[in-house]
Amino acid sequence: MAEPASPEQLRARLSRIEGQIRGIAKMLESDRPCEDVVTQLMAVRSGIDTVGALVLDLHLGNCIGCAEPTERVELLRDSMRMWWRFAPGETKAARTGANL
């Protein structure tokens, strides 16, 4: 199993995303084709999704892994709700935690 991401690794990923966003702003200023801009926006979204997954992985390891067995189910449900709030294409049921 892979080691969880360190805070330094997360900051590096966020810095890369920040650079991509600055690049997108420059692309818009220089009238780059929409397809190029959208491609870069998709790359940023993918990067953010990856950081979100890594942060959730840290949460699962740090918060749930140390919990008492009787608390783990509820903590897992809370983590799922947190992920659904973050995940693209969320649904109203996911936002409200319906069926959990």
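At 43% relative accessibility, Arg-32 counts as partly exposed, a class that lies between buried (under 20% relative accessible area) and exposed (over 50%), as computed with a 1.4 Å probe on protein chains only. The structure is a predicted model, in which local features need pLDDT of at least 70 and side-chain atom pairs count only at pLDDT 80 or more, while totals for chains, interfaces and linings use all residues. Residues are numbered from 1 along each chain as its sequence is written, and side-chain values use heavy atoms, with hydrogens and water left out.

Arg-32 meets the side chain of Asp-36 in a salt bridge (3.4 Å, N to O), the term being used for a side-chain nitrogen of Lys or Arg within 4 Å of a carboxyl oxygen of Asp or Glu. Asp-36 is likewise partly exposed, with a relative accessible area of 27%. In all, the structure holds six salt bridges. One of them joins Arg-22 to Glu-18, with the closest N and O atoms 3.0 Å apart. Because these two residues, Arg-22 and Glu-18, are four residues apart in helix α1, they are separated by about one helical turn. Arg-22 is exposed, at a relative accessible area of 51%, whereas Glu-18, at 38%, is partly exposed. A further salt bridge links the side chains of Glu-74 and Arg-81 (3.8 Å, N to O), and salt bridges that share partners join Glu-74, Arg-77, Asp-78 and Arg-81 into one network.

The packing of the helices is considered next. Helices are DSSP runs (H or I, at least four residues), numbered from the N terminus. The axes of helix α1 (residues 7-29) and helix α2 (residues 34-64) come within 10 Å and cross at roughly 160°, where axes are lines fitted to C-alpha atoms over the stretch in contact and angles run from 0 to 180 degrees between N-to-C directions. The crossing angle therefore makes α1 roughly antiparallel to α2, a description that applies to angles over 145 degrees. By class, the contact of α1 with α2 has 16 nonpolar, four polar and two charged residues.

The largest nonpolar core has eight residues, namely Ala-5, Leu-10, Ile-17, Ile-24, Met-27, Val-37, Val-44 and Val-51, such a core being a set of buried Ala, Val, Leu, Ile, Met, Phe, Trp, Tyr and Cys residues joined through side-chain atoms within 4.5 Å. The elements that give two or more residues to this core are α1 and α2, and α1 gives the most, with four residues.

Definitions and conventions:
Angles under 35 degrees count as roughly parallel, over 145 as roughly antiparallel, 65 to 115 as roughly perpendicular and the rest as oblique. Ala, Val, Leu, Ile, Met, Phe, Trp, Tyr, Cys and Pro count as nonpolar, Asp, Glu, Lys and Arg as charged, and the others, Gly among them, as polar.
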